[in-house]
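Colleague: Could we go through this model together?

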Amino acid sequence: MKRLEIINKTKIWLGFSAFLIVVSLIGIIKGLNLGIDFTGGSLVQVKFEKQADLKTLNNVFDEISNEISQVASTSRKVQIADDNSVIIRVPELTEEETGTLLKKLEEKYSKFDLLKVDKVGATIGKELKTSAISALIIGAILIVIYITIRFEFIFAIAAIIALLHDVIIAIGGIALLGYEVNTPFIAAVLTILGYSINDTIVVFDRIREVYRRNKARNLGEIIDESINDVIVRSINTSLTTFLAVVAILLFGGASLQTFITTLLIGIVSGTYSSIFVASPLVYLFEKNKKIKV
């Protein structure tokens with residue numbers, strides 16, 4: 001395999017990352033499709049005897065919205081799975097309104113089995129949002145402490161920038177795709193943090209090992225050699241994980257769509273950032289002084 005010159009093309013890698021981040025931020029600014037986990041509301045899941053059709057269902061819900069305003073097209077979200085089950089998300093319904101909705105749905109469409117009725121209050125959604133942000137911040141702080149102890153502070157800064165890169169691209173990707181942001185999405189983002197930092201530490205470890213063998217060499221050459229030593233392993237590991245996640249996406253059903261898609265974006269972004277963002281940043285921060293790893 002031809003040796004890659006990573007450091008000499010630092011501007012290209014970082015410029016490409018900057019482009020992806022800008023596109024992702026545009027998606028985030030346009031707005032995330034927050035699920036009821038965050039906004040509060042009611043979720044009703046039913047399984048019809050006959051094939052569910054979104055257009056017909058929407059017409060039925062439009063009729064029902066004359067009695068139950070929360071079911072209006074501007075506030076409801078309807079998701080159909082392959083097994084004829086349908087998930088309806090609407091602003092919070094009372095028990096009486098939920099009963100009316102189910103009765104009308106059966107009268108106007110077809111018989112069904114009720115699989116689930118969930119209700120999340122707005123207060124719980126707000127607490128969940130706060131907890132999610134707190135988890136991300138605490139995770140980032142612990143990562144900085146760990147990498148600072150194991151390497152040095154400047155490596156931790158490079159790793160955190162790479163992680164922010166991955167998280168922003170994952171969130172932006174989901175925003176641009178219009179997928180619902182729910183609790184599994186937060187789990188996926190936290191998983192990306194763990195996956196990406198693991199890949200980055202493998203590269204940093206190799207840089208330290210090569211540096212200790214020959215401290216007289218140029219730092220850029222050391223980083224290039226280190227990356228070329230681990231890049232095949234890194235890509236193969238990511239590819240294996242990627243294929244497993246794709247299989248879950250294909251056969252796991254609609255309910256896992258957001259979680260798996262976020263993981264897919266995060267795996268690709270994490271593999272890229274470990275090699276083409278974190279290491280070049282270490283070079284930019286340390287090129288004029290001796291590293292202490």
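This is a predicted model: local features need pLDDT of at least 70, side-chain atom pairs count only at pLDDT 80 or more; totals for chains, interfaces and linings use all residues.

Colleague: How much space lies in the largest pocket?

Modeller: The largest pocket holds about 460 Å³ of space. Its lining has 22 residues, and Gln79, Ile87, Arg89, Glu180 and Asn182 are the closest to its centre. A pocket here is an open set of points on a 1 Å grid where a 1.4 Å probe fits, with protein on both sides within 12 Å along at least five of seven lines; lining residues have an atom within 4 Å of a point.

Colleague: Which strand gives the most to that lining?

Modeller: Strand E3 does, with 3 residues. Among the other elements that supply at least two residues each are strand E4 (85–90) and helix H9 (257–286). Helices have at least four residues and strands at least two, as DSSP runs.

Colleague: Changing topic, how many salt bridges are there?

Modeller: The count is 10, with a side-chain nitrogen of Lys or Arg within 4 Å of a carboxyl oxygen of Asp or Glu. One of them joins Lys108 and Glu63 at 3.2 Å, N to O.

Colleague: What does that pair tie together?

Modeller: Lys108 lies in helix H4 and Glu63 in helix H3, so the pair links parts 45 residues apart in sequence.

How values were computed: Residues are numbered from 1 along each chain as its sequence is written. Side-chain values use heavy atoms; hydrogens and water are left out. Grid points are joined across faces, edges and corners, and a volume is the space filled by probe spheres set on the points.
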